[in-house]
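Welcome! Take a moment to look over the chain below, and then we will walk through a few of its strands and helices together.

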Amino acid sequence: MNDGTPLVSIICLAYNHEKYIRQCLDGFVMQKTGFRYEIIIHDDASKDGTTAIIREYAKKYPGLFVTIFQEENQYSKGIPIGKTYMYPLAKGKYIAECEGDDYWTDPYKLQKQVDFMESHPEYVLCCTDAVQLDDNTGELVQMTQDVKEEITPEYLLEENRITTLTSLYRTSILKDYLEEFTPGMPRFQLGDYPQWLYFASRGKIRKLPFYSAVYRYRTGSVSHSEDLSRTIRFIMSAYDVRAYCNMRLGFNVKGIRIKEFVCIRKTCKELYRKRKDSYWPLVLRFWAILAWEYLFKKDFIR
């Protein structure tokens, strides 16, 4: 790699990822590029061996890592970690993201994506196909085989079809998003979804047809909870993002609420398959919780 300013800044959030962080960092350092890149990694006061492993890699690859080690957990305080600590340090023209429990599999991921973005200035973001790894069973499942290559605002409003760990986007657009759009924006559970919708309002988005990464499915996370109330809140938060961005960004797409019902029905089927409960009692309970959440909670966007 040439000396000088990095062309790409890799952003990585880590917290208690001792079991996974080596695989993640190996995916970064194996990248074969004709340009310089940097790895900005934030450890949010991990209580296991994550911090020691990050220090080990930073020592082994001098000049490649920019490390941030917290003494107190920042996420629990409600502090936006990317905006506060990581994005201001990014020197690259482009940003790529991957959390500490996921990992990249293609050593040419960054080179392929940068080549595309450099030759297509009308695009503000590109992503790739990805595979999901069930952390409990070891099963691998394709995640993005049905996602269209051209991701339009209308298509993105139906569902968040961008896998963050495969994304590469222009830093200048992120700066605009943080300065122009996030002030006054509600704090959504899906932190990256409004970001992608903002990007879609600023230019084109393309999914490149190759697999570059593995997303680790871990039961108990907000997006993969078996608790019905928690799942309902996550789905309603997705609706809130769509309604808010559809209005504020001027997309004027109709039928957002109908699409949410389709998502709920799909989630019922998924929970039924995983939990092996009786289907209709599960559906009725699901809808009862949804009605309660929607009618009596005041933090949803109407």
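Which residue in β4 is the bridge partner of S9? It is I95. Keep in mind as you explore that this is a predicted model.

**Strand β4 and its side chains**
- Strand β4 covers residues 94–97, and Y94, I95, A96 and E97 are all buried.
- Y94 and A96 point one way from the strand, while I95 and E97 point the other way.

**The neighbours of β4**
- Strand β1, residues 8–14, runs parallel to β4, and 4 bridges join the two.
- I95, whose side chain points the opposite way to Y94 and A96, is the β4 residue that pairs with S9.
- Strand β8, residues 168–170, pairs with β4 in the antiparallel sense, over 3 bridges.
- In that pairing, L168 of β8 stands opposite A96.

**Helices α6 and α7**
- Helix α6 (residues 171–181) packs against helix α7 (residues 193–202) at an angle of about 110°, and their axes are 10 Å apart.
- The two helices are therefore roughly perpendicular to each other.
- Their crossing is right-handed.
- On the α6 side, the contact is made by I173, L174, D176, Y177, E180 and F181.
- On the α7 side, these meet P194, Q195, Y198, F199 and R202.
- The residues of this contact divide into 7 nonpolar, 1 polar and 3 charged.

Conventions:
Residues numbered from 1 in each chain as written. Predicted model: local features only at pLDDT ≥ 70, side-chain atom pairs only at ≥ 80, totals over all residues. Heavy atoms only, no water. Buried < 20%, exposed > 50% of the residue type's maximum accessible area, 1.4 Å probe, protein only. Pairing = 2+ DSSP bridges. Axes fitted to C-alpha atoms, helices over the stretch in contact; angles between N-to-C directions. Parallel < 35°, antiparallel > 145°, perpendicular 65-115°, else oblique. Left-handed = near helix turned anticlockwise from the far one by under 90°. Contact = heavy atoms within 4.5 Å. Nonpolar A, V, L, I, M, F, W, Y, C, P; charged D, E, K, R; others polar.
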